[in-house]
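The following briefing sets out how the chains of this model are arranged and where they meet. Please read it alongside the sequence and coordinates.

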Amino acid sequence: MEVQLLVTCLADQLAPEVGEATVDLLERLGHRVRFPEAQTCCGQPAFNDGFSAEAAALAARTVEIFSAPAPVVVPSGSCATMIRHFYPGLLERGPHGPAARALAARTFELSEFLVRVLGRTDVGAGWSGRVTYHDSCHLLRELGVRDEPRRLLAGVAGVELVEMAYPEHCCGFGGAFAVKFPEVSSAILDPKVESIIATGADAVVANDTGCLLQLAGGLRRRGSTIRTLHLAEILASQASR
Amino acid sequence: MPRETILNAVRAALAGDRVPPLAPIAAGAADALDGAALAVRFTHEARAVGTIVHEVGSRAAAVDTLVAILDAAAPAPRVVAWPTALARELATAAVARIAGADLRLVERATPADAIAQADLGITEADFLVAESGTLVLRARGRARTVSLLPPTHVAVVGRERLVADLGAALARVRAMADRDSCLTLITGPSRTADIEKKLVVGVHGPCTLHVVLLERVEA
Amino acid sequence: MAAIATRDFRARAAAAAGDTALHRKLDAASLRFLDKRARVFAALPDADARRDRARAVKAHAIATLDTLLPELERRFTANGGIVHWARDGAAACAIVLDIAARAGVRLVVKGKSMVSEEIGLNACLEAAGIEAVETDLGEYIVQLAGEPPSHIITPAIHLSQDDVAALFTARLGEPLHSTAEALTAAARRLLRAKFRAAGMGVTGVNFASAESGTLVVVENEGNGRMALTLPRVHVALMGIEKLVARDEDFAPMLELLPRSATGQTLTSYVSLVTGPRRNDEIDGPEAVHLVLLDNGRTRLLADPIMREALYCLRCGACLNACPVYRRIGGHAYGYAYSGPIGAVIAPALLGIERVPDLPFASTLCGACRDVCPVRIDIPRLLLAWRARIAAAVPRAWGERLLVRGWRWIAWSPRLYRALTPIVRAGSALVARIPALARLAPPLAAWRRGRELPRAAPRSFHERWRDRRHGTDPDAP
């Protein structure tokens, strides 16, 4: 089928390999990927900071840009949540209301799309090593996605999944929170990094670029060599197949 | 008038709200259990919170158990007890068997100090809640302090007082003609974990809670 | 009024975030509560349906407060109790003082009451020369320390056993006790004397039913029972939101409150008080007063979005679940109610001008909503406060510039894509000369606990064009 990729501004600027991996993976599974090049930012930073008008403007833009009927795949639980749960309310009074609801209904986070929509848990990937999975908060609690990424990881040849202590605890990123309350954000990150290191994993996997930047920053600050990988990167890899 | 000010604010805040009626609270699944199963559940839950449950078959066995509890509590134990039929009978019989033991049936207003100085208080539970291991104690004609001030509390009760869950127990109390000024639910000994989450029993209330559960109360 | 020090929230939060000893104490308690809570909820049949039912019970009660409050008053009065209404904290304190003065009370023993903390009752009693003694062990400890409680359920969560031992030695002249058991025994002995001598007991109220005028007091230590049994006067302090319609609503609420708060099936003691001692009763108080407190609650009630905050049972589960609370503790919030629910109700009870930062002190992770027994959607309420604060309270110009500027940049695909080389150049420059991060406050903030990410050599937009040779028909 045809799918539209919403790559997210964070991945676009700071982790484009996440977008490339998502495209590689979806194409390998036989899907046609469209990337509407007018896309920028979904508006979540403004929304979470209380700037509703600014958020609504960017939401309306995004609704227009993704007006094609194909499902929208987002390699981020957080941005997918923004579109699914917050766009309809934010735009309900304006002319974009119906389109926002329609977009919400066809927008999926990547792992959710693979397992729930496509029914795939084995995507023919191979990646050799021990990984631990961090539940990003919006993916887990707003979209209710807990098992899907783990089932996908279990389907990857060569991957050993080790659970960290409290994988569902927040990493402390929280968007603007990370810079508004930097000391608190870092203090929340500390036990998360410790529990990742304690697993002895080669890589920590998450489905949100924001969490991964936070985790990478904490791991590097401690001199850890544990890699931070988006789930898409593991699923796109065929290293040991 | 603050009353009118508050109520007016409440009315203004709720103006125009339509409120759907509240469904009645349905009986829980534990209601289906029979007496023996309720006793098993009660005993399990009560022990889990540190209550010492003694299951006895007869009044004679209950008196034996009570004698053992009194013996262990103190030499020449001072006992305060409710004047209810079962508590009075068992306490009287047990105390009579221990040299130097003293029994005070608390039938009228008694200084709290006198009750606090007892080694042991004996009450009779009106109901037992199987699902949570809870004793339900009414206040009418019974001193609330007997289950509170002495370091050890013993409740005697027959199996027929078992009910499945808290909802059932409170419903039975509501069905009674008289209302007490206070109904007390007791689930285990007095406890705290306020210092570094370390469990310590016997903060203000009893350190030890016994339940003597009789299979049959009838002679 | 209670000491409310909400202004310096940011500074206090930052300081607490660096206090690793505090983190250890908070983790030890909060994670233990969370784990126990998870276990008992897993063992509770139909837990989700029970939460729905508890929410429905509270929603119904809050939506019918206009009839339930007068009904409670009528019933409780008929039971022989005395009902007082207090518009705010000062009025509530004045009512309690008046009751104490009329009864000639010099010593008050207190069960745990968050409303009492909210209205600052102890300071008020002491100013009038009346000794007020907290009797919940945790509350007693923080009172001795001269501090407010830092957790709704575990007031002394921020103190270690050694801290408490030193405090008992310094303030009470106790020999240096080394164990929690010995410290607890000392408190038992010292407080027994207070219970015996007190003329008045003050408690909170966890639930009250309008149907019968019954007040429910939930506790573990027995100090609540002491306070509502031994003194000749019992004063119960209650926020008007604690009502439920019917007696049959107690059981479903009692099933969830202890499980959520401490992971217990039920607390050691639950007292259901309908009024003063009856003629045919042997003990209990001669007079029972019920103080109904508004103090901003009707503002929450009038607010259709925030109203659900009134469903709160004060179980403290959201504090334990909150990653922010577990790193800054309750004192940083500067108010009786801390953690996620505190950040929701403080702006309503105190006014947003006084707590403009609190609703932002959340990663919006949603763990609070997951554990809330009445499913209060705390993240949504925090977002709603943020929107109101953004509209009402002027923000730093830098933040406005950033958000508004981003809105215009992201509005235009051309501007957005033009930004890429600038981000890249800036990132490379900061990587080479880290001190430059100081010129950009967000970067400097990030670097405090983490390494900065590097911008990618080519953005995804650029890579996509590489892949498709610029053939995308949507390209403007």
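Among the two pairs of chains that touch, which has the most contacts? The most contacts are between chains B and C, two residues being in contact if their C-beta atoms, placed from the backbone, lie within 7 Å. No contact joins chain A and chain B, whose closest C-alpha atoms lie 20 Å apart.

This is a predicted model, in which local features need pLDDT of at least 70 and side-chain atom pairs count only at pLDDT 80 or more, while totals for chains, interfaces and linings use all residues. Residues are numbered from 1 along each chain as its sequence is written, and chains are lettered from A and ligands numbered from 1 in the order in which they are written.

**Chain C overall**

- Chain C has 22 helices and 10 strands; helices (H or I, at least four residues) and strands (E, at least two) are DSSP runs, numbered from the N terminus.
- Taken along the principal axes, the C-alpha atoms of chain C fill a box of roughly 95 × 55 × 45 Å.
- Of the 476 residues in chain C, 56% are buried. A residue is buried if 20 or more other C-beta atoms lie within 10 Å of its own, exposed if 12 or fewer, and partly exposed in between, with C-beta atoms placed from the backbone.
- Among contacts in chain C between residues at least 6 apart in sequence, 75% join residues at least 24 apart.

**Interface of chains B and C**

- In this interface, 61 residues of chain B are in contact with 72 residues of chain C.
- On the side of chain B that touches chain C, two or more residues come from each of H1, helix H5 (112–116), helix H6 (166–174), strand S9 (182–186) and strand S10 (191–192) of chain B.
- H1(B) gives the most to that side, with 11 residues.
- By class, the side of chain B that touches chain C has 29 nonpolar, 15 polar and 17 charged residues. Ala, Val, Leu, Ile, Met, Phe, Trp, Tyr, Cys and Pro count as nonpolar, Asp, Glu, Lys and Arg as charged, and the others, Gly among them, as polar.

**Packing of H1(B) on H4(C)**

- Helix H1 (residues 2–14) of chain B packs with helix H4 (residues 65–78) of chain C at an angle of about 155°, their axes lying 9 Å apart.
- That angle makes H1(B) roughly antiparallel to H4(C). Angles under 35 degrees count as roughly parallel, over 145 as roughly antiparallel, 65 to 115 as roughly perpendicular and the rest as oblique. Axes are lines fitted to C-alpha atoms, for helices over the stretch in contact, and angles run from 0 to 180 degrees between N-to-C directions.
- From H1(B), B:Leu7, B:Val10, B:Arg11 and B:Leu14 meet C:Leu65, C:Asp66, C:Leu69 and C:Pro70 in H4(C).
- The residues of this helix contact comprise six nonpolar, no polar and two charged.

**B:Ala143**

- B:Ala143 is placed in the loop between strand S6 (134–137) and strand S7 (152–158) of chain B.
- With 28 other C-beta atoms within 10 Å, B:Ala143 is buried.
- Leaving aside neighbours within four places in sequence, B:Ala143 is in contact with B:Val106, B:Thr110, B:Ile115, C:Ile282 and C:Asp283.
- B:Val106 is 37 residues from B:Ala143 along the chain, and their C-alpha atoms are separated by 6.7 Å.

**Interface of chains C and A**

- The contact takes 52 residues from chain C and 54 residues from chain A.
- H19(C) gives the most to the side of chain C that touches chain A, with six residues.
- That side of chain C divides into 32 nonpolar, eight polar and 12 charged residues.

**Domains of chain A**

- Chain A is divided into domain 1 (2–116) and domain 2 (123–236), with bounds that come from an automatic or database domain assignment.
- The C-alpha centres of domain 1 and domain 2 of chain A lie 21 Å apart.
- In chain A, 31 residues of domain 1 are in contact with 26 residues of domain 2.
- The largest share of the side of domain 1 that touches domain 2, seven residues, comes from H2(A).

**Helix H6 of chain A**

- A:Ala100, A:Leu103 and A:Ala104 are buried in helix H6 (residues 97–105) of chain A.
- Seen down the axis of H6(A), the buried residues fall within an arc of 100°, so they line one face of the helix; the arc is that of the directions from the helix axis to the C-beta atoms.
- A:Pro98 and A:Ala105 are exposed on the other side of H6(A).
- The buried residues of H6(A) pack against helix H4 (52–65), strand S3 (72–74), H5 and strand S4 (107–109) of chain A.
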